[in-house]
Amino acid sequence: RYKANYKLGELKSSSRLMALYKKELKRYFSSPIYVINTGFGVVLLLLFALALPFVNLETIIGEVQITGSLQNYIPVVIIFCIATSCTTMASISIEGKNLWILKSLPVPVSLIFTSKILVNLTILAPAILATVLLGITLHIPLISSLLNVIVAVSFAIFVSVFGLVINLNYPNLTWSNETVVIKQSTSAMITTLSGMVLAALQYGLLVLTGSMQISIAIFICLIWPVNFILYKHLAGKGIRQFERL
């Protein structure tokens with residue numbers, strides 16, 4: 001028979017945002033293809049930062065005949081790696097035919113968007129650590145190191161929000177294999193290529209100004225207005241697009 005000695009223990013609860021975040025994070029890590037294709041850039045950047053202290057930089061620079069200091073190219077590397085690590089470019093499409101379940105939840109659409117963005121920012125968090133490690137290893141001046149961290153945070157926010165905006169415009173909810181929406185969808189291609197174009201922009205600013213600090217400062221000043229515009233788009237048209245899906 002059933003025992004009658006049940007005792008009420010501690011009950012754990014969380015906010016609606018945290019519940020959505022945990023759900024999104026669990027969904028993300030349940031798909032190896034999703035993880036491999038959207039986390040590779042950050043892993044590569046972190047491995048580069050960890051391995052750099054054990055590499056003879058003078059030998060490498062001499063072999064490939066790199067002109068200028070390696071320090072100047074760190075922002076380009078950071079932006080490129082973050083650009084290849086976007087989960088939100090498929091976060092709507094990956095719901096597939098089960099999107100109705102997400103839409104039926106008694107939560108505002110804005111919280112759903114926020115949870116998906118937070119998952120991408122969580123995946124990109126190691127990029128911040130890698131940026132700090134690169135600054136220490138390469139003896140980058142403090143101001144330049146701080147600018148590198150700011151550009152990493154700024155671009156991580158851009159990629160997370162931009163990917164979601166693009167996926168809302170080019171959703172694919174009828175897929176039969178999730179690889180299609182993660183690797184071969186219009187949303188994935190636009191998001192990745194746009195990130196690479198911005199990495200090229202940072203390199204162009206470096207060439208034009210001849211200063212890492214000035215080029216980073218200009219890039220940051222350009223990216224934050226775009227972040228604000230994307231946020232306003234999500235808060236308005238983005239919500240209506242999601243409700244029509």
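Guide: Let us begin with helix length: the expected span of a helix is 1.5 Å times one less than its number of residues. Helices here are DSSP runs of H or I with at least four residues, and strands are E runs of at least two, numbered from the N terminus. This is a predicted model, in which local features need pLDDT of at least 70 and side-chain atom pairs count only at pLDDT 80 or more, while totals for chains, interfaces and linings use all residues. Residues are numbered from 1 along each chain as its sequence is written, and side-chain values use heavy atoms, with hydrogens and water left out.

Visitor: What span should helix 7 have?

Guide: Helix 7 (residues 142-169) has 28 residues, so at 1.5 Å a residue it should span 40 Å; its end C-alpha atoms lie 41 Å apart, which agrees.

Visitor: At what angle do helix 7 and helix 10 pack?

Guide: Two packed helices are described by the angle between their axes and the distance between the axes. Axes are lines fitted to C-alpha atoms, for helices over the stretch in contact, and angles run from 0 to 180 degrees between N-to-C directions. Helix 7 and helix 10 (residues 212-244) pack at about 25°, with axes 8 Å apart. That pair is therefore roughly parallel (angles under 35 degrees; over 145 is roughly antiparallel, 65 to 115 roughly perpendicular, the rest oblique).

Visitor: And which residues of helix 2 meet helix 6?

Guide: Contact means heavy atoms within 4.5 Å. Among the residues of helix 2 that meet helix 6 are T38, V42, L45 and F48, and the helix 6 side includes I123, A127 and L134. The residues of this contact divide into 14 nonpolar, three polar and no charged (Ala, Val, Leu, Ile, Met, Phe, Trp, Tyr, Cys and Pro count as nonpolar, Asp, Glu, Lys and Arg as charged, and the others, Gly among them, as polar).

Visitor: Where is T87, and is T87 buried or exposed?

Guide: T87 sits in the loop between helix 4 (74-83) and helix 5 (99-103). At 2% relative accessibility, T87 counts as buried. T87 and T38 are 49 residues apart in sequence, yet 5.8 Å apart in space, C-alpha to C-alpha. Not counting residues up to four places away in sequence, T87 touches several residues, including T38 and I123.

Definitions and conventions: Buried < 20%, exposed > 50% of the residue type's maximum accessible area, 1.4 Å probe, protein only.
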